[in-house]
Amino acid sequence: MTERLAVDIGGTFVDAISFDETTRDVAVEKAATTPDEPEAGVVTSIEKVGADLANTDAFVHGTTLGLNAVLEREGATTGIITNEGFRDVYEIGRTNVEPRAMYDIRYQKPESLVARRRRIGVAGRLNAQGEEVEPLDVDAVRDAADSLVDDHGVDAIAICFLHSYRNPDHEREAAEAIREAHPDVNVSISSDITREYREYERTSTAVMDAYIKPIFGSYVADLDAALSSAGFDGPFFITRSGGGTLAAESATDAPVHTILSGPAGGLIGAAHVGRETGREDLITVDMGGTSLDACVIENGTPAVKYDARLEHQPLMIPVYDIRTIGAGGGSIAWLDGDLLKVGPQSAGADPGPVSYGQGGTEPTVTDAAVALGYIDPDDFLGGEMELDADGARDALRETLADPLESSVTDVSRGVFDVTLANTVGAIREITIENGLDPRDFSMMAFGGAGGMFVPLLGREMGVDEVVVPNAPSVFSAWGMLMADVVYDFARTNIAALTDLELADLETVFDELDEAAVETLSGEGFDDDEIHLDHSLEMRYLGQEHTVDVDANGLASIDEVKERFDHRHEDRYGHTMDDPAEVVHQRVRASGRTEKPTLERRESVDNQALEPAGSREAYCFHAGELVSFDVYDRAELPPGATVAGPAIVREPTTTIVYHGDQTATVDEYGQLVVAVDGGDRE
């Protein structure tokens, strides 16, 4: 027996899934997140899923460790070494205000990760073509490093010099000098992470990498040791923020690429399922214990962007274009005067929702779900955990209902209404504001709370169907088994299209291809397992922002212009007569891996299905508490149709849909929830 194993750490639970490559069997389990010792929760989840690490071919891991370190300001003490006279680039930034705070007169920019006293400039300069204007003062670099380490106690140093995207020699020379003088200090250089222009964004990305590198490296080392002691000696991969995976060793060299790796697994899985089942246009909604992540998949590919932000700080790495809001099962419901709000604060895994009985006192979305009857307190996590329903109701009454002179049922519905409004706003950002109509998409629900909430969301937004895949609560971990090993290579190459020949673009692509093939070959991939995807970032002359253009199979420069115009019209609804220019050339290199296949079963004739039971719950269609039929998902065969209101339970999650909705089990075992009445006008 050989297995592939994937583990995803969330804010509340750790999800584990194993895939037997011989029998094609899949096993899933959940364990509590252990914030103080994250690797312990991973090991526990592996033990629960029963994986034989000695016979495991590969281990794939998604983690929010780096993300949480930044959000909670628990990363390494970090310093910056840059060009003389440019030490304040990192703090000045773009001198803009966050869009959400545009009209907030009380807005204060969040505290910088690197205080000014830990930012030092040194002599040395390259020009915009990457040619040396002034030699790097290596002695000044050593003095700066000595000061940062000895006087300010830094654990990590970020290096970013002007125009190093053209020529990384000065950055590499500085890094070598620092490592020789201070071998225990972690060093991050911008040109190792990105070879694109914009010094502020490159500096911010290098700082973020340096800030999380020590804790990420320690965590991966501890987890690797724990896996090895249990007999695992196969490849260890970490999920990337922009899709795919990379070797754990490469991840520790540049951990910033994993900073948003947690939600990436679900998108990889959703794209795979969408392609296999003929649903290539999807809005994915991953609702877990701490947050809700939404993303658009068009033509089978999740939206990727190269100008992500974490809080107010830019990240110049490829990431999935995900909108994250504090709307998970553990999100706290609270009052701002007489206004009911939900999140972004979360009860997390410790103490968790009030109903967990672990010391939580503030009501959460999960507590509201218990009060509304959606969650059976005696059958949570397949009966492994008994919930305190009375405690949840008491907290809702004392904290929300009594101050608002309302009932527990009404405020619990209000918690869902507020969460719904917050989520609709997030989805509008990635659809309507990008010229997309969400009604043209199917919606896919996963995460521990996705099946309970997203059918209601789809109903609100008027989508035709909400697809709940198999084992939705561990779907992100399942998606990691679908992931190829992926590396991105890019080069800034700003030039008017009229000044370029196709050969000019091909020369740069050839250089990037060579680096890509060398990297994947070094990780054991044969030529027939390596796939290279070319793209361009282009704009009209005078524009600031770019659009991505497919650059595979180009026959001429004229074809480049045609593809750009078509893409620009799709995105913005028009084209222009202005000259076009290339800004970046990109290569995404994938090492193809073995993947589980979706099991397809024959549909049976629709038959009368007896529910396993019933219970009173709140129906948003009826606007009151009514009787919901309860079904076991394992007992629903392909082709089965079940009218709402109904609750479908499985060991690790609950699916809820309402009186004007009907669910059908498709040939892949997915539950497809649709509003009654057929197609909309």
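Across the whole structure, a search finds 34 salt bridges, a salt bridge being a side-chain nitrogen of Lys or Arg within 4 Å of a carboxyl oxygen of Asp or Glu. The structure is a predicted model, in which local features need pLDDT of at least 70 and side-chain atom pairs count only at pLDDT 80 or more, while totals for chains, interfaces and linings use all residues. Residues are numbered from 1 along each chain as its sequence is written, and side-chain values use heavy atoms, with hydrogens and water left out.

In helix α7 (residues 199-229), lysine 213 and aspartate 209 are four residues apart, a separation of about one helical turn. Their side chains meet in a salt bridge with an N to O distance of 3.5 Å. Lysine 213 counts as buried at 9% relative accessibility, where buried means under 20% relative accessible area, exposed over 50%, and partly exposed in between (1.4 Å probe, protein chains only). Aspartate 209 also counts as buried, at 1% relative accessibility.

In helix α11 (residues 389-404), arginine 397 and aspartate 394 are three residues apart, about one turn of the helix. The side chains of this pair meet in a salt bridge of 2.9 Å, N to O. Arginine 397 is partly exposed, with a relative accessible area of 34%, and aspartate 394 is partly exposed as well, at 36%.

A further salt bridge joins the side chains of aspartate 484 and arginine 592 (3.6 Å, N to O). This pair links distant parts of the chain, 108 residues apart: aspartate 484 is in the loop between α14 (475-481) and β25 (485-496), and arginine 592 is in the loop between β28 (580-591) and β29 (613-619). Aspartate 484 is buried, with a relative accessible area of 14%, whereas arginine 592 is partly exposed, at 41%.

A pair of aromatic rings is described by the distance of the centres and the angle of the planes. Rings of Phe, Tyr and Trp (its six-membered ring) pair if their centres lie within 6.5 Å; planes under 30 degrees apart count as stacked, over 60 as edge-to-face and the rest as tilted. The whole structure contains 11 aromatic pairs. In one of them, the rings of tyrosine 618 and phenylalanine 620 have centres 5.3 Å apart and planes at 80°, so the pair is edge-to-face. Both tyrosine 618 and phenylalanine 620 are buried. One aromatic cluster is formed by Tyr374, Phe416, Phe453 and Phe628.

Surface patches are made of residues with over 30% relative accessible area and no salt bridge, like charges being joined within 9 Å and nonpolar side chains (Val, Leu, Ile, Met, Phe, Trp, Tyr) within 5 Å. Accessible areas come from the Shrake-Rupley method with a 1.4 Å probe; for residues, only the protein chains shown count as cover. Val97, Met102 and Tyr103 make a nonpolar surface patch of about 370 Å². Methionine 102 lies in the loop between α3 (89-92) and β6 (119-122) and is partly exposed, with a relative accessible area of 45%.

Note on methods. Helices (H or I, at least four residues) and strands (E, at least two) are DSSP runs, numbered from the N terminus.
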